[in-house]
Amino acid sequence: MSDALDASLRLVRAQTALVRRFDARLGGLHGVSLADFTMLLRLGQAPGGRMRRVDLADALGLTASGVTRGLAPLERIGLVTREPDARDARVAYASLTGTGRQRLKEMRATAEETAAEIFGGSAWNEQDLGALSALLTRLGGTGLPG
């Protein structure tokens, strides 16, 4: 097996393990998945806590229909609402509700704790995390702003 394929497969396995860990914590404590949390976090960082759905899709690397499917359960539980554009009926915004903002703060604390557990201890230092972030960025992995 080539080094490139080996590295690719290791990255996929590591990503799967991270998603499982975050899903377990976020799901167990807040009833959301990592994908849900990422969507809410991006909305929370947008001006006014709202974004056009197409812009949210672009920011998350998803399709517009993927964002619509992802937002539907968050709308049902009252964390997100759909807002039409007053000037263009074809445009819809996704907006955090007051409940969504509060729950996002709680979810973020859980995600921060989970990340600290994963990358804490003597196995990872600041230089390791900086190098990992730089390498992932080279692969096209961009973090969320703020």
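**Notes on the helices, the sheet and the salt bridges**

1. Let's start with Leu9, which is found in helix α1 (residues 3–30). Helices here are DSSP runs of H or I with at least four residues, strands are runs of E with at least two, and both are numbered from the N terminus. At 33% relative accessibility, Leu9 counts as partly exposed; the scheme is buried under 20% relative accessible area, exposed over 50%, and partly exposed in between, with a 1.4 Å probe and protein chains only. Together with Met1 and Leu5, Leu9 makes a nonpolar surface patch of about 320 Å². Patches take residues with over 30% relative accessible area and no salt bridge, joining like charges within 9 Å and nonpolar side chains (Val, Leu, Ile, Met, Phe, Trp, Tyr) within 5 Å. The areas come from the Shrake-Rupley method with a 1.4 Å probe, and for residues only the protein chains shown count as cover.

2. A word on the basis of all this. The model is predicted, so local features need pLDDT of at least 70 and side-chain atom pairs count only at pLDDT 80 or more, while totals for chains, interfaces and linings use all residues. Residues are numbered from 1 along each chain as its sequence is written, and side-chain values use heavy atoms, with hydrogens and water left out.

3. Now the sheet. Three strands make an open sheet in the order β1-β3-β2, with antiparallel pairing. β1 and β2 stand at the edges with a single partner strand each, so one side of each is left without a neighbour in the sheet. On average, neighbouring strands of this sheet are turned by 25 degrees against each other, direction ignored. For angles, axes are lines fitted to C-alpha atoms (for helices, over the stretch in contact), and values run from 0 to 180 degrees between N-to-C directions.

4. On the pairing itself, two strands count as paired if DSSP finds at least two bridges between them. Strand β1 (residues 50–52) is joined to β3 by three bridges, running antiparallel. Met51 stands opposite Ala94 in β3, and Arg52 has Tyr93 as its bridge partner. On the β2 side, strand β2 (residues 80–84) pairs with β3 in the antiparallel sense over five bridges; Thr81 stands opposite Ser95.

5. How many residues of strand β3 (residues 92–96) are buried? Five of the five, so β3 is largely enclosed by the rest of the structure. In a regular strand, side chains alternate between the two faces of the sheet. Here both faces of β3 are covered, with Ala92, Ala94 and Leu96 buried on one side and Tyr93 and Ser95 buried on the other. Helix α3 (residues 53–60) lies across β1, β2 and β3, at about 95 degrees to β1.

6. Thr110 lies in helix α5 (residues 98–119) and is buried, with a relative accessible area of 6%. Neighbours within four places in sequence aside, Thr110 is in contact (heavy atoms within 4.5 Å) with Arg25, Leu26, Leu29 and His30.

7. Next, charges. Side chains of opposite charge can pair when their charged atoms come close. A salt bridge here is a side-chain nitrogen of Lys or Arg within 4 Å of a carboxyl oxygen of Asp or Glu, and that rule gives nine salt bridges. One of them joins the side chains of Asp6 and Arg10 (2.8 Å, N to O). Both residues lie in helix α1, four residues apart, about one turn of the helix. Asp6 is partly exposed at 25% relative accessibility, whereas Arg10 is exposed at 52%.

8. The salt bridge between Glu117 and Arg25 (3.0 Å, N to O) is of another kind. Glu117 lies in helix α5 and Arg25 in helix α1, so the pair ties together parts that are 92 residues apart in sequence. Glu117 is partly exposed, with a relative accessible area of 44%, and Arg25 is partly exposed with 22%.
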